[in-house]
Amino acid sequence: MRSEIPFFPPDLFEEDRKVMLDIIGEIGRDPRQKFILGEQTREFEELLRDDLGAADVIACGSGTTALGLVLRAVDIGPGDEVVVPAFGCAPLAAAVLETGAAPVFADVDPRTMVLDPESARRRITHRTKALLPAHMFSIMADMPRFTELAAAHDLRLVEDSAVAQGAVLRGTPAGLWGEAGVYSFVQVKSFGMPGEGGAVVTRDPALGRRIRMLRNHGQQERFVHRVIGTNSRFDEIQAAFQRYRYAGFPARLRRRAEIAEHYTERFAPLAGQGVLAPPPGRDGRCHYVYCLLAEERDVLREYLAEHGIGSHVYYPLALPHQAAFLPWAPADERWPNAERASARILALPIYPHLTDAEVTRIADAVCEFTRHRPRAQAPGTRQSGTGAARHDDQ
């Protein structure tokens, strides 16, 4: 009987189990008894800062709270509007609402599923204060275009790079295109860890100082509260563990890229069978998740499960259709590309310790599925004279 290939592997950190146990013992027995925001966190922040070429890196309790801290630090508040993608994770809208501002949903690109700059531009009003593009799965948003849009309309530019640590677009790392970006270290992310955590990265030292103060109850000095802050502090054990694992991060990224390239090459001929792979290339990629757009998504998912292969559906309902965000979603507006993405997206395993045989088995299964299905138009595209996809946001 063939072994299962899970989508969420239970052994992501198995090779480093002893290191983690040793770290827990060392920090737990340290006479200083410093478990948050200590020397380990400081050295972890400096490691990331120096490697990225950032002015500051602020380790936070989660990627979600990191995003909220950035929005507060750039003075987003009541009466403001922030343009966000209609397809993605809930914090894209929830973090905006928690500041008292309103999210304005714009559609996504039909192929890459990242925020469409033209759709975002059409939603800018006199109340718009910021643009919040988010990188999705394996693909960075069009940050050069969003930089131009923000400058042209005098807007703040906040980069949700939570899933894109390690990606570089035109020589600039994810997180450093806007005034500030965020990373998430949840276990399945590209630099995930066995726990909750995140970071803010910025080129602006003053902004970094403000965020650093906000994450620790508004303190610069112990018990001296300059502003109303929150608790988004980083764990010393996790900081030490991430420092240890950082040396292996580039190799893990390369392995993810190799797997993604193999998938994309194998799946390129399947567009006519209703399975569309992400665009090829490495610029602006991190391959946190590898997602197909499949016309018969649920049937494909069942087929893979029958063959012992796990898969996952991210965001099966576009944000404007979520009950929590309906008050900010005009009833007469639609986001067709986001809606199609929610109905068609299917993620395949891409963690670095997949073997070549397992990668081949996954790719074979997808290809075999299409051989038994009728030909279908590629999802997210319409045929034109050039064969190119076009935006379908009206």
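**View 1. The largest cavity of the predicted model has a volume of about 120 Å³.** A cavity is a set of points on a 1 Å grid over the protein atoms alone where a 1.4 Å probe fits but cannot get out, and lining residues have an atom within 4 Å of a point. Grid points are joined across faces, edges and corners, and a volume is the space filled by probe spheres set on the points. Of the 13 residues in the lining, Phe 7, Val 188, Arg 256, Tyr 288 and Tyr 351 lie nearest the centre. The lining of this largest cavity comprises twelve nonpolar residues, no polar residues and one charged residue (Ala, Val, Leu, Ile, Met, Phe, Trp, Tyr, Cys and Pro count as nonpolar, Asp, Glu, Lys and Arg as charged, and the others, Gly among them, as polar). By this rule there are three cavities of 30 Å³ or more. The model is a prediction, in which local features need pLDDT of at least 70, side-chain atom pairs count only at pLDDT 80 or more, and totals for chains, interfaces and linings use all residues. Residues are numbered from 1 along each chain as its sequence is written, and side-chain values use heavy atoms, with hydrogens and water left out.

**View 2. The second largest cavity has a volume of about 80 Å³.** Its lining is formed by 13 residues, and Arg 111, Met 113, Ile 139, Pro 278 and Cys 291 are those nearest its centre. Strand 13 (residues 290-294) gives the most to this lining, with three residues; helices (H or I, at least four residues) and strands (E, at least two) are DSSP runs, numbered from the N terminus. By class, ten residues of the lining are nonpolar, two polar and one charged.

**View 3. The largest pocket holds about 390 Å³ of space.** It is lined by 17 residues, of which Leu 12, Glu 15, Asp 16, Arg 245 and Arg 252 are the closest to its centre. A pocket is an open set of points with protein on both sides within 12 Å along at least five of seven lines. Helix 8 and helix 9 (249-267) each supply at least two lining residues. The lining divides into four nonpolar, five polar and eight charged residues.

**View 4. The second largest pocket holds about 340 Å³ of space.** Among its 23 lining residues, Cys 89, Pro 91, Ala 162, Lys 189 and Tyr 315 are the closest to the centre. Helix 3 (63-73), helix 4 (91-98) and strand 8 (180-184) each contribute at least two residues, and the largest share, three residues, comes from helix 3. The lining has 14 nonpolar, six polar and three charged residues.

**View 5. Helix 10 (residues 297-306) packs with helix 12 (residues 356-371) at an angle of about 125 degrees, with axes 10 Å apart.** Helix 10 is therefore oblique to helix 12 (angles under 35 degrees count as roughly parallel, over 145 as roughly antiparallel, 65 to 115 as roughly perpendicular and the rest as oblique). Axes are lines fitted to C-alpha atoms, for helices over the stretch in contact, and angles run from 0 to 180 degrees between N-to-C directions. Val 299, Leu 300, Tyr 303 and Leu 304 of helix 10 meet Ala 365, Val 366, Glu 368 and Phe 369 of helix 12, where contact means heavy atoms within 4.5 Å. Seven of the contact residues are nonpolar, none polar and one charged.
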